[in-house]
Amino acid sequence: MKRTKMYTTIAVATVAAMSLAACGGSGGSASGSEGETGAAADGAVDVSDAETLWKLAFNQTDQHPQYLAAEQLGEDLYEATDGRYAIEVYPNEELGTQSDVVQNLSDGSVEMMFIGAPVLESFNEDFIVFNLPYMFATEEAQAAVLGDEAVVGELYSSLEDSKNISVLAGVSGGVRSVYNSKHPIVEPEDLDGLKIRVQQSDSQVAMIEAMGAVASPMGQGEVYSALQTGALDGAENNETVFEALKHNEVSSYYSYTRHLMVPDYLLINSDILGGMSDEDREAFLELVPGAVESVNEGMKEYAQSSRTAAESAGAEFNDDVNVDAFRELVAPVVEGAINNDVREALFEAVQAANEANAG
Ligand code: GCU
């Protein structure tokens with residue numbers, strides 16, 4: 001069977017079009033919010049009687065902008081397809097770590113998920129480019145690249161034949177910095193020898209080791225107890241993971257290295273997408289840009305409120321960091337990774353977006 005390359009292309013193109021239309025908000029329903037079926041008492045749509053209910057795996061809490069956007073997407077899908085399809089979101093790694101769930105998504109036992117971009121490097125190493133340190137100058141530059149079909153179309157459909165996985169969209173995963181239980185990080189030597197958790201990929205290991213730390217790749221769900229027992233000295237992530245997953249309780253020094261802006265991708269099993277009627281699939285893909293918009297807006301606000309909450313719980317945020325020194329240390333990792341034509345083209349596109357969307 002010919003796979004769904006064209007479907008993701010449509011999704012990405014729609015992202016760009018919808019961004020221009022500044023749809024805003026939380027993925028407004030294609031058919032209005034007053035669905036005839038399934039209205040729950042609290043105003044949310046009860047989608048549990050959908051003919052087909054997709055499972056969407058998520059590794060963080062039900063307060064996270066990605067969770068909220070996915071819930072809304074499920075409700076909007078239910079309405080847009082007259083109850084033929086909906087999405088049930090499983091938060092908190094209930095369905096497993098991202099690297100386990102992506103296998104289930106590939107075989108179709110889980111239909112959708114959000115995944116941290118580095119995990120996809122093991123399927124196609126060209127995904128590495130957007131996961132490299134100090135790659136994007138601003139979140140706007142990142143959003144511009146991730147939503148530009150001409151840039152990302154081939155990458156997003158590159159796993160369809162080999163893994164049966166379609167990338168529907170790339171969204172903000174926040175801006176990442178280092179935190180640890182010992183002391184604020186100002187200079188690279190402050191990081192020397194600290195055992196720091198990173199996402200599960202070679203690029204993340206190479207990056208943190210170049211910054212001077214000892215890398216410990218693991219799934220998100222294991223991090224809290226590893227910090228608590230001292231198996232880890234710290235981790236690197238956005239303010240939201242730091243606070244919402246309570247890492248601040250056991251690792252209270254957050255230092256703004258701002259070394260990464262790694263995307264998350266919204267994935268779907270390609271056969272599931274290809275198996276929809278043209279009409280239902282089109283209705284679904286039209287809803288994706290609203291979800292992207294909602295995540296990207298929500299992430300900025302959530303980072304702020306997470307910082308405030310962590311501070312009042314006693315965490316210390318340090319913005320006096322020698323970022324230039326860290327940037328210099330990781331430069332060889334970036335140069336080494338941009339080593340073929342595909343990656344060079346992606347890298348050039350990022351540079352152009354950085355210029356057009358400077359801070
Ligand atoms: C971010 C990202 C997740 C990722 C997590 C991690 O929160 O949004 O997709 O899994 O970081 O570091 O594991």
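Colleague: How many residues line the largest pocket, and which of them lie nearest its centre?

Modeller: In this predicted model the largest pocket is lined by 27 residues, and those nearest its centre are Glu 139, Val 175, Tyr 256, Arg 258 and Met 261. A pocket is an open set of points on a 1 Å grid over the protein atoms alone, where a 1.4 Å probe fits, with protein on both sides within 12 Å along at least five of seven lines; lining residues have an atom within 4 Å of a point. Local features need pLDDT of at least 70 and side-chain atom pairs 80 or more, whereas totals for chains, interfaces and linings use all residues. Residues are numbered from 1 along each chain as its sequence is written, and side-chain values use heavy atoms, without hydrogens or water.

Colleague: Which element supplies the largest share of that lining?

Modeller: Strand β9 does, with six residues; β9 (253-260), β5 (176-180), α11 (278-312) and α12 (323-337) each supply at least two (DSSP runs: helices H or I of at least four residues, strands E of at least two).

Colleague: Where does the pocket lie relative to the domains?

Modeller: It lies between domain 1 (4-173 + 262-300) and domain 2 (176-260 + 305-338), because both give residues to its lining; the bounds come from an automatic or database assignment.
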